[in-house]
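Dear colleague,

Please find below the structure that I am handing over to you. I would be grateful if you would look through it before reading the notes that come after it.

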There are 2 protein chains.
Amino acid sequence: MIVKHGMNYLTVLNSARNHKLAPPLAVLRRQQFLIRVLGVRGDNRMQGSKFEADSDNILRAITPVFDPNRHKGQAGKIAVIGGCREYTGAPYFAAISALKIGADLSHVFCTKDAAPVIKSYSPELIVHPVLEESYSVGDRDRDKDHISRRVVAEVDKWMERFDCLVVGPGLGRDPFLLDCVSEIIKQARQSNVPIIIDGDGLFLVTNNLGLVSGYPLAILTPNVNEYKRLVQKVLNCEVNDQDAHGQLLSLAKQIGEVTILRKGKCDLISDGEIVKSVSNHGSPRRCGGQGDILSGSVAVFLSWARQLILADEGNLIISPTNPTMLGCIAGSALLRKAASLAFEDRKRSTLTTDIIECLGRSLEDICPAC
Amino acid sequence: MIVKHGMNYLTVLNSARNHKLAPPLAVLRRQQFLIRVLGVRGDNRMQGSKFEADSDNILRAITPVFDPNRHKGQAGKIAVIGGCREYTGAPYFAAISALKIGADLSHVFCTKDAAPVIKSYSPELIVHPVLEESYSVGDRDRDKDHISRRVVAEVDKWMERFDCLVVGPGLGRDPFLLDCVSEIIKQARQSNVPIIIDGDGLFLVTNNLGLVSGYPLAILTPNVNEYKRLVQKVLNCEVNDQDAHGQLLSLAKQIGEVTILRKGKCDLISDGEIVKSVSNHGSPRRCGGQGDILSGSVAVFLSWARQLILADEGNLIISPTNPTMLGCIAGSALLRKAASLAFEDRKRSTLTTDIIECLGRSLEDICPAC
């Protein structure tokens, strides 16, 4: 009825407040919320109808069937590079999300200060206190070179064991630390280990695109601001929401062979060849940390998709065929579902840990374990 | 039906994927899972029919009846030697599992870096920050000798109080630390304290078999890779799954008097005299940390079995009669039941902490406290 009369909801709301009409605030708020959510979905569908990914079926196709003959590690070994004196929550969120989805082992490589804290969040993670920030490194270049080589070697000795690296959650912007992380990215490329770049990893990569350019196993997961900086840097223009799909395609193509997951009310994903959107579910709550869940989730799904595609030797019909696209679609869809379940339960007080607790149920709803 | 027609399940799955048959993925996954699980059980039964341990009855026989006259410590005092800069979760899992099953006191001896973190996981544990890694020890041999003697003495002063030692969870591979742990193992042998060797403890022992050879109170609990290394080192050949029982028997005999629990989809146990298998329950989830639960559980059951056998002065009819065999059978059976309960509830998102939470209920199901 409100829609029929074309009234502005804020007017209705204020009118209700002023005149103490029944039914009052609670009902109006509910209507207002539903209309907004439905409105958003409507926009997305219009925008994404032919682009919308078949995310539930993709999730079902790439999530491995349980097999009692498999042993520890075969369902995925993920490593997060991040966690410094300032930030400890982000790498934890990414690493624990990977385990909650079904990875067998989840490592974090962080600074010495961050390690005891991240360890204390959960005994399930393997946390390596190996990164160094400028304040703990001597001024002499010889010392810096020595420490940098040691840090990179500490991570590299594990590299071959990892199915995917997540670079960036809680990384910070210390120049010495970022230099070491650049070398770690180079090592990962040499070992053909897929890399998800998020958070401060995107700051690093935006200023040095060569780190990921031409690497088809790299995924960038920018939020609004990170995307804006990427567009400005690479395409030398502003974000164009009228041609969001085209611009994302150009951006991925221009950087070269990477896949980009542009986070937003509707997630857009492109590898420079095609564009897909994921717009189902989701939550209006924007608490910090959801991007970290996403990066950890994409890491697991990308690993599974890659394993499946490599094992299937071309017999598998799945679309899209690029494992980075599949990983992004599945990760995005699962996070959106978990966020909506958590919001249903917790409303305004929804936190990232509540969403993480819904990851298992969300995956089970779409893709039962047995 | 799938079995009747002798089809390969991956073919069925791919066929369904390709042709979009109804009923689709979810139903096929369910069928596939059930057939795999039943298949495995079938294999195990065929393989293990005459070897399958009567694990529920063994659990009931060795778990002590509550007696209000008993005092703190009489239901078991366990110590875990492990926990270093990198690993803190593993010793926690082993130590807390011992308590959750019914031990009265659970100690952890770890490095100074690991101690505050392990303490933070639970106030129930007694955590001793006494181990040292090379980076915190001077280069001079005199310093090393001095520190090593101090470390060993710190553990040894507690030794007589312990009913069982678990050596290895989260131990790491630092050479200085492993040298100290070798001495601790020798002290435990002198005091006739049973020892469970797991994780990096197996790395140590595989390279120095004399540490456990000829000690009937030693149990080794290798996983797939650790077992492979042991077989290569001791029997100078590869793992032979066609004669898994015979090879395990030879391995235990060759090392000399030790008991080996070979972890897998079906757990195999041998003391060089007999072989038993435990294949009931279990879960297809292979998240890291389950081996630590097992080592802590075996420690408790071995202590109880030994106490019972020593107290009964030969009147007890129980088979097998070796307390290390009984401890392994009971520990394996309980972990498998707890893992299956946790998986029933949490599915893909099952983590080691979820399994630990099911230990109490699992034991209660088999062997009610009162």
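Predicted model: local features only at pLDDT ≥ 70, side-chain atom pairs only at ≥ 80, totals over all residues.

The contact draws on 46 residues of chain A and 38 residues of chain B. Between chain A and chain B, an area of about 3,800 Å² is buried, and carbon and sulfur atoms give 58% of this area. On the chain A side, the residues that lose the most area to chain B are Phe66(A), Pro68(A) and Cys370(A), which together make up 20% of what that side buries.

Two salt bridges are counted between chain A and chain B. Asp104(A) forms a salt bridge with Arg285(B), and their closest N and O atoms lie 3.3 Å apart. Several elements of chain A each supply at least two residues of the side that touches chain B, among them α4 (89–101), β3 (126–131) and α11 (290–312). By class, that side of chain A comprises 24 nonpolar, 10 polar and 12 charged residues.

I turn now to Glu124(B). This residue sits in the loop between α5 (114–121) and β3 (126–131) of chain B. Glu124(B) counts as exposed because its relative accessible area is 54%, the cut-off being over 50%. Beyond its neighbours within four places in sequence, Glu124(B) is in contact with Ile96(B) and Leu99(B). Asp54(B) is 70 residues from Glu124(B) along the chain, and their C-alpha atoms are separated by 33 Å.

With kind regards

Note on methods: Residues numbered from 1 in each chain as written. Chains lettered and ligands numbered in written order. Heavy atoms only, no water. Contact = heavy atoms within 4.5 Å. Buried area = accessible area lost by both parts, 1.4 Å probe. Salt bridge = Lys/Arg side-chain N within 4 Å of Asp/Glu carboxyl O. Helix = DSSP H or I, 4+ residues; strand = E, 2+ residues; numbered from the N terminus. Nonpolar A, V, L, I, M, F, W, Y, C, P; charged D, E, K, R; others polar. Buried < 20%, exposed > 50% of the residue type's maximum accessible area, 1.4 Å probe, protein only.
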